[in-house]
Amino acid sequence: MNQDSNTQQLPERKLRSQKERMWNTFLRNRPAILGLFLVAIVILTAVFADNWFIALPAGQQPEPLLAIHDPLKQDARNRLAAPSKEHIMGLDSYGRDIWARIVYGARVSLSVGLGSVLLGGLMGTFMGLMAGYTGGKVENVIMRAVDVLMAFPSLIMGLMVLAVLGSGLGKMILAIGLVLSPTFARVAHSATLTIKENEFVHAAIAVGSGRMRILRMHILPNILGEMVVLGSIWTATAIRVEANLSFIGLGISPPTPAWGSMIRDGTPYLRDAFWVSFFPGMAILVAVLGFNLLGDGLRDVLDPRLQQ
Amino acid sequence: MLRLKYLATRLVLAIPTFLVVLTLVFFVIRVIPGDPATAALGDYASQEAVEKMRERMGLNEPLYMQYFHFLGDLVQGDLGNSMITGNSINEQVLAVLPYTLQLTFASVLVGILLGVPTGIYTAVKRNSLSDYVGRILSLAGLSVPAFYLGILIMWLFALQWGLFPAVGGGDLSDPKDNLMHLVLPALTLGLIMTASVTRLTRSAMLNVLQEDYVRTARAKGLDERVTILRHALRAALVPIVSIIGIWTANLIADSVLTETVFARPGLGKMLVGAILQRDYTALQSVMVVYTGFIVVVNLITDLIYSMVDPRISH
């Protein structure tokens with residue numbers, strides 16, 4: 001009896017099952033939920049740093065909201081002041097509010113993290129798709145170039161590219177995007193090789209679909225999941241590389257707050273005012289850990305083969 | 001004998017890689033905006049002085065001549081002279097190389113000594129409290145930027161407790177001083193490496209512990225320690241060796257930052273300095289040394305593969 005009712009329920013259950021299973025896997029994955037939570041905090045912080053979203057009279061600058069204070073305003077008399085009720089994370093060596101600078105710094109980190117992954121992901125996926133689908137010489141040239149580029153640690157590549165391009169937010173995004181693209185190319189390439197041998201692709205070729213149409217309609221949707229997982233994990237790396245480069249002094253030019261350069265500014269005062277470097281570092285840790293946890297969780301959901 | 005032949009083939013195969021990297025680096029560097037002669041003399045230098053400087057730096061030669069000079073010198077083991085200081089780069093590299101090698105070696109040692117046992121332990125005690133703590137710590141270790149961990153470690157051990165010197169590389173001729181200066185930077189990089197070695201060892205061990213032969217070993221009453229260390233670990237070693245190889249190459253990049261934090265002499269600091277000063281010759285030389293280092297690390301990793309897994313023959 002029991003068995004019978006089970007069999008009857010089967011078709012409906014199966015219909016719902018894939019999405020449901022994905023959700024369940026994700027929701028049961030506690031670290032992934034924590035990751036989502038941390039990422040949400042960082043995104044909300046960046047969005048609500050000031051009240052840019054309400055209509056302001058022309059010429060008026062947005063007022064700090066979550067940031068409370070102006071991140072650029074200097075208070076020379078109270079420089080390096082310890083955390084207090086008024087300034088919860090203290091003041092830096094110019095007397096600027098550290099909390100406000102961290103809140104605004106989230107914008108830089110997120111722009112670089114998401115922007116460079118989007119850019120690198122698009123470039124890399126395109127290269128990988130072309131290489132994998134076209135084969136022959138195109139494949140050889142693209143993939144050998146990828147091999148050479150991947151031989152170098154991302155920070156060293158980033159340093160070189162940034163040295164050529166010069167500094168600035170857009171250039172930073174471009175530099176890190178370029179550095180990340182080979183990884184996307186390699187994964188997209190191997191995924192494409194597998195997918196293109198499927199019957200539905202042969203069928204599409206047989207009915208006369210063009211190359212771009214096959215890539216767009218049949219291959220891309222099938223490798224997108226893997227690309228999203230890769231994107232999430234590499235956002236964490238991109239944020240870390242940005243912090244590294246800012247720390248070395250090749251990042252966004254001052255006085256724009258960026259977490260890496262805030263830590264750098266605080267190092268001479270480490271002995272007497274450790275908070276100047278300590279809090280921005282925690283912000284980096286939260287953001288990078290969040291994207292790492294989220295990426296791990298997404299991988300479990302979207303790529304069940306890798307599940308433990 | 002077979003291994004020697006393999007070694008020779010690999011070294012020959014490394015030559016094209018070297019050439020591609022060198023060529024790439026040589027031309028990319030010359031795209032960097034700004035004139036090294038002006039950078040060396042400052043913005044207020046006269047036109048004549050800049051011209052003379054360009055002449056001395058060899059920048060007036062056609063690009064392809066500069067390239068062939070560079071390759072020609074390199075084949076003879078000469079990295080040239082710094083464009084900015086005029087000093088021999090060979091001497092500069094030889095002066096800082098011991099510091100970088102020390103740091104890399106010590107960090108890898110820390111990574112292996114802490115990472116492999118923790119990975120084994122957390123795999124065996126799967127889903128226990130220590131497993132959770134280990135997993136969270138290792139993910140945090142993968143998320144923390146090397147320079148920040150370095151600052152925290154420096155703050156605690158050097159500035160608060162005063163156990164070790166905060167900055168500098170120490171005197172190479174004084175082993176104790178040298179070692180004291182090495183501890184904190186090596187701990188920084190080693191802990192970051194520990195994080196990924198732990199993660200990978202854990203997952204490799206979990207895979208192996210499900211195998212039939214491990215169950216057989218347990219069933220025939222082998223000591224659990226023997227089962228895990230002799231039977232399971234042996235089979236899990238290949239991925240562990242591979243992650244250690246990858247991380248050793250990666251350490252080079254992180255050493256750039258660690259050397260900056262601890263004001264320690266080394267290749268990384270030389271690289272950053274060369275980029276900031278637009279010192280073309282120093283920059284390309286450091287990249288040559290880096291590439292060589294990465295090639296050697298990959299080669300050693302491949303050789304260790306065949307030692308831990310006899311099925312992999314070269």
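I started with the charged pair: the side chains of A:Asp296 and B:Arg199 form a salt bridge, at 3.2 Å from N to O. The tally between chain B and chain A is one salt bridge.

Housekeeping: this is a predicted model, where local features need pLDDT of at least 70 and side-chain atom pairs count only at pLDDT 80 or more, while totals for chains, interfaces and linings use all residues. Residues are numbered from 1 along each chain as its sequence is written, chains are lettered from A and ligands numbered from 1 in the order in which they are written, and side-chain values use heavy atoms, with hydrogens and water left out.

**Interface.** I get 44 residues of chain B in contact with 35 residues of chain A (contact: heavy atoms within 4.5 Å). The buried area is about 3400 Å², and carbon and sulfur atoms give 79% of that; this is accessible area, 1.4 Å probe, that two parts lose on being put together, summed over both. B:Ser143, B:Phe147 and B:Tyr148 supply 17% of what chain B buries against chain A, more than any other three residues.

I then looked for polar contacts and found five residue pairs between the chains, both partners at pLDDT 80 or more. Such a contact is a pair of N or O atoms within 3.5 Å; within protein, one must be able to donate a hydrogen and the other to accept it, and residues adjacent in sequence count only if both atoms are side-chain atoms. On the side of chain B that touches chain A, α10(B) gives the most, with eight residues (helices are DSSP runs of H or I, at least four residues, numbered from the N terminus).

**Helix α11(B).** Its buried residues include B:Leu267, B:Met270 and B:Ile275 (buried: under 20% relative accessible area, 1.4 Å probe, protein chains only). Which elements cover the buried residues of α11(B)? I find both chains involved: the cover includes α5 and α8 of chain A, together with α5, α10 and α12 of chain B. Just after α11(B), B:Arg278 takes a positive phi of about 55 degrees.

**B:Thr248.** This one sits in helix α10 of chain B. Why did I log B:Thr248 as buried? Because its relative accessibility is 11%. A polar atom of its side chain lies 2.6 Å from the backbone oxygen of B:Ile244. Leaving aside neighbours within four places in sequence, B:Thr248 is in contact with B:Thr104, B:Val108, B:Met193, B:Phe293 and B:Val297.

How values were computed. A salt bridge is a side-chain nitrogen of Lys or Arg within 4 Å of a carboxyl oxygen of Asp or Glu. Helices (H or I, at least four residues) and strands (E, at least two) are DSSP runs, numbered from the N terminus. Buried means under 20% relative accessible area, exposed over 50%, partly exposed in between (1.4 Å probe, protein chains only).
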